[in-house]
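Please look over the chain shown below before reading on.

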Amino acid sequence: MDSTLVVCYSYTGISRRAARLLCSHRGWALGEIAESGPRGTLRCVLDSLLRRQPAIHYNGPDPGSFRTVVLIAPIWMYRLAGPMRSFVAIHRERLQRVAVIATMNAAGASNAFAEIARLLGRPPVRCIALLARSIEDGSGTGELLDFGAALEPASMPPQPAGDAAQAQPARQA
């Protein structure tokens, strides 16, 4: 099973744009997380600050059917967006190999990478932080596509359990 699924949560559309670009270039499947009900910005911020797991709906293929799952989510208040936290908590047992792309305006990706590692009980195989403006203006496209290429089975040797060497962000502003 050498297949890859990209799962994204996007409040503003930035993470969705990155996910769709990656999927279109690599031929990977896409799943999307949505909140169960209407939420305002304040509630989203509070969910992040308090590390709450809001109710979500997942629309996509079964993540347990894929060897690698790439999670793409925004950083809110220097933390992982609540809906992605919910997804990881719900599906942690079924996620075999996880890679993470954090989209952000400024900083906080390392906190999200650490939180995902804590929820999974192991570090992601690869992580990258991209500034929202680099996704919007296209300047981050090369970095995003290089990240995807590095996840292909031929280009990524097996990592021993607990090896955090691959879990460092490629870029963080």
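In which loop does Y78 lie? Y78 lies in the loop between strand 4 and strand 5, where strands are DSSP runs of E with at least two residues and helices are DSSP runs of H or I with at least four residues, both numbered from the N terminus. This is a predicted model, in which local features need pLDDT of at least 70 and side-chain atom pairs count only at pLDDT 80 or more, while totals for chains, interfaces and linings use all residues. Residues are numbered from 1 along each chain as its sequence is written, and side-chain values use heavy atoms, with hydrogens and water left out.

**Overall build**

- The chain contains 6 helices and 7 strands, and from the N terminus on its elements follow the order β-α-β-α-β-β-β-α-β-α-β-α-α.
- Of the 173 residues, 47% count as buried, a word that here means under 20% relative accessible area, with exposed meaning over 50% and partly exposed in between (1.4 Å probe, protein chains only).
- Among the contacts with a separation of 6 or more, 79% come from residues 24 or more positions apart, where contact means heavy atoms within 4.5 Å.

**Aromatic rings**

- The structure holds 3 aromatic pairs, and rings of Phe, Tyr and Trp (its six-membered ring) pair if their centres lie within 6.5 Å, with planes under 30 degrees apart counted as stacked, over 60 as edge-to-face and the rest as tilted.
- One of these is the edge-to-face pair of Y9 and W76, with 5.7 Å from centre to centre and 85° between the planes.
- This pair links distant parts of the chain, since Y9 belongs to strand 1 (residues 4-9) and W76 to strand 4 (residues 68-76), 67 residues apart.
- Y9 and W76 are both buried.
- The ring centres of Y11 and W76 are 5.7 Å apart and their planes stand at 85°, so this pair is edge-to-face.
- Y11 lies in the loop between strand 1 and helix 1 (14-26) while W76 lies in strand 4, so the pair ties together parts that are 65 residues apart in sequence.
- Y11 counts as partly exposed because its relative accessibility is 35%, whereas W76 is buried because its relative accessible area is 13%.
- Y9, Y11 and W76 together form one aromatic cluster.

**Helix 1 and helix 6**

- The axes of helix 1 and helix 6 (residues 141-150) come within 10 Å and cross at roughly 55°, where axes are lines fitted to C-alpha atoms, for helices over the stretch in contact, and angles run from 0 to 180 degrees between N-to-C directions.
- That angle makes helix 1 oblique to helix 6, because angles under 35 degrees count as roughly parallel, over 145 as roughly antiparallel, 65 to 115 as roughly perpendicular and the rest as oblique.
- In this contact, A18, L21, L22, H25 and R26 of helix 1 meet T141, L144, L145, G148 and A149 of helix 6.
- The residues of the contact divide into 6 nonpolar, 3 polar and 1 charged, where Ala, Val, Leu, Ile, Met, Phe, Trp, Tyr, Cys and Pro count as nonpolar, Asp, Glu, Lys and Arg as charged, and the others, Gly among them, as polar.
- Within helix 6, L144, L145, F147, G148 and A150 are buried, and the buried residues of this helix pack against helix 1, strand 4, strand 6 and strand 7 (126-131).

- W28 is found in the loop between helix 1 and strand 2 (29-35), and W28 is buried, with a relative accessible area of 10%.
- Leaving out residues up to four places away in sequence, W28 touches T4, V6, L22, C23, V70, G148, L151 and E152.
- The C-alpha atoms of W28 and V6 are separated by 6.9 Å, although the two residues are 22 residues apart along the chain.
- T4, placed in strand 1, counts as buried at 6% relative accessibility.
- V98 sits in strand 6 (residues 97-104) and is buried, with a relative accessible area of 3%.

**Positive phi angles**

- M77 is not a glycine, yet it has a positive phi of about 50°, and M77 is partly exposed, with a relative accessible area of 43%.
- Y78 is not a glycine either, and it has a positive phi of about 65°, while its relative accessible area of 49% makes Y78 partly exposed.
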